[in-house]
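I opened the notebook to look up salt bridges. My entries follow the order in which I checked them.

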Amino acid sequence: MAQAERKLKELKTAHLKHDIGARRDLVVTLNTRSQARLISYGDDFLVAKLPPGTRVIYPPPPLEPLPDPDVAIRYALLHPENADPLFAQLNPNMRVTIAIDDISLPLPPMQRPDMRERMLNIVLQTLADYGVDDVHLIVATSLHRRMTEDEIRRMVGERAFKAFWPDRLYNFDAENRAEVVMLGKTDHGEEVWLSRRAAESDLLIYLNINLVPMDGGHKSVAVGLAPYQSLRHHHNPATMRDSRSYMDPTRSGLHRSADRMGKIVNRNVNVFTIESAINNRMYGGLLDFLHKNEDRFSDWDHARLSTFKWTLRNLSDGMRREMLRRYAAPYGMTGVWAGETEAVHSKALARVFQQYAVPVKGQSDILIVGVPYICPYNVNSIMNPVLVQCTGLGYLFNMYRNKPLVRAGGTLIICHPLRDEFHPEHHPSYVEFFHRCLAETTDSVELEKSFEAEFARNPTYVHMYRYGNAYHGVHPFYMWYWGEPGRQHVGRIIAAGCEEPEVAARMGWEPADTLDQAIAMATAELGRSASITYLHLPPLVIADVE
Amino acid sequence: MSVQNGNTFRSAAFYDLDGTLVDVNLLHVTAYMLANVAEWKGRLANIATLAMKLPGLYAAERHDRRLLNVAMFGIFKGISRDRLAVLGEEYCERVLMQHFYSQAVDLLAGNRDAGLEPILVTGSPDFVVSALARRLGVATFAANRLAYSRNLATGRLREPIIAGEEKARWCEEYAARKGLRLRDCWGYADSYYDLPFLTALGHPVAVNPDRRLLATARDRQWPIIRFGRSRAAAPAWPDDGEP
């Protein structure tokens, strides 16, 4: 006990050792002597010399992780925000549901123990201490694919898995009408549906990981445990167009809608939210050079990069994919808060922005982004063209607050091989969406009107979602809508390094064999004085554009 | 657009039967028939005959599904039409319905609600498939038909023999007759031998696929469904989209 007390005391007085001064060099302007830059390119990396004058935005260094996450979690449960401590809300006769974020974050998946496992074990121990037996664990997949048994075991850990799987630990099923219930409507007419088990529980505990500011808050419960009937109110072209950006919840139509729904949920259900934040240490050990400014590479960094590139180049597609899939990130927990949803989320958001935000002056004519091998929807799967679109135009374009990094009508260059590859068991409806729907139109409103309902109700896709491991039939539409603000904002999208030009053309993009060619195409129109910004990934960065 | 029993269909879903909707195959039905068609002594003789033919049937199956059908149906020679009809009903009730994948029932109902007319296209004998179709409320099916002489099975099959490419041809003719576009139709099958059938349709789906069909489905990015025995706790949403 004495040791625990001491640790708690340390935690209270501890402050994060993050050096704000380290952010001075995060926006770099290249000159003729600058080194070539590393750019994510699907299962590989490009090493490309960018034109002099290009502005490169680097992610901030990782925040110092909490010294003892378990102690921090216990502290959060004992000192919640705007709520009674967890133990004070418990009694032996109550029904408790614990909902957990699914495999879509963090990216890449983190080294074991997963933070969800840490939080879950402590919460389950507390429930057991107070005699609460009626406990269900639901993976809040919403319309994402069901996680496999092994994936769930890895996420929640052996202890919870052995005790609860499969009867009391399972994936949410949005297509099981017995499992969802309508709680009401918002003043905007949005129907609020929720997992019946969660809605009928005396206490709903949500365990979250905030990878980016888009995550968490009311979005966790009101989206994660909701079916299509709820999601269609905010996952649509009109709401997406009203989001500037997804990473700025105060200016996101998506978040406003989720907040309205979440308020209805919280009026009907006793929700105890636990949110955690992680640093951006995506790559550690031999790969930590990926976080560095290339101009500061040592000989050892260059040697590691060459070896890494050689390895990626010489592996077969399958082996390379498998090697990258097996990589686990050494993320560290930078904060954990518990209690009332909004109070908790505001604290978590502040910490997340502390990690990612970089002040940037002004927009540019051309923005270059590299799409990596992974996104929230292809963990242990394939990055198909629709997901490349979602990652490049949806996520990476939206890595800003205030104003986009590229000016209205500017050019977005997306680096990715863009192959016509899909995972038939994870993304079956994507194949039809890409080959049939996008062949007819790339207009989101038209797609929504003509095809969305058909895909959402398609029995084969419903079956594959419920009993297989497929994303819901409507999911590719949401991925396409996700790119809507970007599509509306930029004038031109060029796919650099595109191996299959017809794939780019299908999405309304212009193909370019190389990044040099893409830059030449962009500057041909905009002139040699066109300003270029390269958003350096990995890890993640959010530009506060003045 | 067609109307049947009050349902309006905009297109069709063609289903293979053995291994796709039910977890039995043609050998089951043959063995069942032979084991029940006569008195005990005759039954044993029939089963022994079938056992002796197994290597030949296996070779036929490996070579050509059509040959398998021809060889298999030859075993029914001499059995009367009405006896086969009774046995078909009995087999359907006692075996097929028990081996019907519960999730396949949901899929059939879902596709029907989505405006896809259910059609069975199978190499199984018509006296079994007709009984099953009646129970499923399926109005149209294509199955193999025995030739009869004086109400006794001759052991020969009537053309067309529903196997391999003939399944695709039958679907094409049916679609032409009904004014359907094959590219809007869905097809469900489990075997590599059904490849011509699946490729003829706009929306092929591999169901519990064998090794070769699985590889093909992955190559061609077809949806892959695996039916299990377990039944869902509750049916999916009804077609009006509201619970």
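I began with B:K167, which is buried at a relative accessible area of 4% (buried is under 20% relative accessible area, exposed over 50%, partly exposed in between, with a 1.4 Å probe and protein chains only). This is a predicted model, in which local features need pLDDT of at least 70, side-chain atom pairs count only at pLDDT 80 or more, and totals for chains, interfaces and linings use all residues. Residues are numbered from 1 along each chain as its sequence is written, chains are lettered from A and ligands numbered from 1 in the order in which they are written, and side-chain values use heavy atoms, with hydrogens and water left out.

I then looked up the partner. The side chain of B:K167 meets that of B:D16 in a salt bridge, 2.9 Å from N to O (a side-chain nitrogen of Lys or Arg within 4 Å of a carboxyl oxygen of Asp or Glu). B:D16 also counts as buried, at 5% relative accessibility.

Next I took B:R134 and B:E89, which form a salt bridge with their closest N and O atoms 1.9 Å apart. B:R134 is exposed at 53% relative accessibility, whereas B:E89 is partly exposed at 28%.

A:R401 is partly exposed with a relative accessible area of 22%, and A:D544 is partly exposed with 21%.

I also noted a network of salt bridges linking A:R95, A:D134, A:R196, A:R197 and A:E200. Over all chains, the search of the whole structure gave 49 salt bridges.
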